[in-house]
Amino acid sequence: MHGLVIRNTGYSYTVKSDAGSVFDCKVKGNFRIRGIRTTNPVAIGDRVTFIPQEVDSDIEQARQGLITALDERSNYIIRKSTNLSKQSHIIAANIDRCFLVVTIRQPETPLQFIDRFLASAEAYRIPVTIVFNKIDLIDPEWQDYLDAVIRLYETIGYPCRRISAETGEGVEELRHELSGNITLLSGNSGVGKSTLINRLYPHLCLKTSEISDAYDTGKHTTTFSEMYEVDGGGYIIDTPGIKGFGTFDMKREEVGHYFKEIFLHSANCRFNNCTHTHEPHCAVREAVERHDIAESRYNSYLSMLEDENEEKYRQGY
C-alpha cells in the first residue's frame with residue numbers, strides 16, 4: 001500500500017493511505033542503514049510504501065503497518081541539532097512553502113536563527129514567508145525595531161506578514177495562502193505556532209503553554225510533528241519548537257550561495273573562490289561597509305562558515 005506520513009512520534013509513524021485509511025506504522029528494521037544519516041529516516045510529509053500487518057482480532061487496536069520504502073522527495077528541510085548529539089534531523093519533506101513564525105518580544109527570535117533557517121530553506125528550494133507574530137505586544141519602544149527587521153528581509157526578497165494569533169489581527173490573510181499547499185510552520189519555542197493554528201482552525205484545539213517569565217523563553221508545547229488537513233485540500237505541518245538551528249551538509253564555498261544578497265554581490269569579487277572573509281577586492285565585504293548588506297546577515301554568514309568542521313559533530317544514522 002501507499003500513503004502519506006501525517007504524524008511522527010519519534011518511534012512510530014501515522015500513515016494515511018491513498019484510500020484514506022489511517023495506519024500506525026513502524027519502520028522496517030534494515031531501513032535505517034540505507035545511507036540515511038539522520039535521526040529520522042522517515043519524516044513528516046514523506047510518501048511511503050507500507051505493508052499492513054496482521055493483528056489479533058480479539059484485541060481492539062488501530063490498524064498497523066510496516067514501512068518498507070520511501071518515495072523520492074521533492075525537497076526537505078534539515079537541521080543539525082545544536083545539543084551535544086550534533087545529529088542531523090529532517091524537519092519535514094515534500095513542502096510547498098514554509099511559514100517561519102518569529103517574534104520580536106516574548107520571546108525575541110535571534111536574527112541569526114532566522115538567517116540560518118532561511119539559508120537552509122534556500123539550499124532545499126523551499127519558499128519562506130516570515131510571519132511576525134505577537135504584534136499586539138509591540139509598544140512604541142519596539143515598533144521601530146520591528147519595522148527595521150521587516151524592511152531588512154523584504155528588501156532581500158522574503159515576504160513578511162504581521163499578525164497577532166492572540167487577537168486575530170492579520171490571521172485571515174494567511175488562511176488564503178494555506179489553501180491547496182503543504183505548508184510547514186516552524187520557529188523557536190514560544191513564538192505561538194500552536195496558538196496560530198488554533199486561531200485558524202479552532203476545532204483542532206492544540207495545546208498551548210505560557211512563556212517562562214524567568215527566561216523569556218518558550219516551552220515545548222508540541223512534542224511531535226503532525227500534519228493537519230486544511231480547507232482547499234492542503235495540509236499544515238506543526239512541528240516542535242526549535243531552540244537552535246545548526247546547518248548540515250553545506251560546503252564552505254556554498255554557504256554564500258544561500259544568502260541572496262551575498263550571492264548577488266559575490267559576482268563582482270576579484271576571485272571566483274572568494275570566501276568573503278579576508279581576500280582583497282572582495283565585493284561582499286565592500287557591500288557590508290556600504291551597508292548594502294546588513295552586518296547582521298554577514299555575521300550570520302560567518303557563523304555558518306564555522307559549521308564547516310564536521311569533526312565537531314557526531315554523525316547520526
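The model is predicted, so local features need pLDDT of at least 70 and side-chain atom pairs count only at pLDDT 80 or more, while totals for chains, interfaces and linings use all residues. Residues are numbered from 1 along each chain as its sequence is written, and side-chain values use heavy atoms, leaving out hydrogens and water.

The chain has seven helices and 13 strands; these are DSSP runs numbered from the N terminus, with helices (H or I) of at least four residues and strands (E) of at least two.

**The cores**

In soluble globular proteins, nonpolar side chains tend to be buried together. A nonpolar core is a set of buried Ala, Val, Leu, Ile, Met, Phe, Trp, Tyr and Cys residues joined through side-chain atoms within 4.5 Å. Here the largest one has 59 residues, and Ile130, Phe132 and Tyr153 have the most contacts inside it. Helix α1 (residues 111-123) gives the largest share of this core, eight residues. Apart from this core lies another, of 18 residues, including Leu178 and Tyr201.

What does Phe132 touch, not counting residues up to four places away in sequence? Its partners include Val102, Ile104, Leu146 and Ile163, where contact means heavy atoms within 4.5 Å.

**Two crossing helices**

The axes of α1 and helix α7 (residues 295-305) come within 9 Å and cross at roughly 65 degrees. That makes α1 roughly perpendicular to α7, a label for angles of 65 to 115 degrees. Where they meet, residues of α1 including Leu111 and Asp115 face residues of α7 including Ser296 and Met304.

**Some backbone details**

Two residues other than glycine have a positive phi, as the table shows.

| Residue | Phi | Relative accessibility | Loop |
|---|---|---|---|
| Lys134 | about 65 degrees | 15% | between β9 (128-133) and α2 (140-156) |

Elsewhere, the peptide bond from Gln106 to Pro107 is cis, with omega near -5 degrees. Pro107 sits in the loop between β8 (97-103) and α1.

Finally, His281 lies in the loop between α5 (260-266) and α6 (283-289). His281 and Asn268 are 13 residues apart in sequence and 8.8 Å apart in space, C-alpha to C-alpha.

Note on methods: Buried < 20%, exposed > 50% of the residue type's maximum accessible area, 1.4 Å probe, protein only. Axes fitted to C-alpha atoms, helices over the stretch in contact; angles between N-to-C directions. Parallel < 35°, antiparallel > 145°, perpendicular 65-115°, else oblique.
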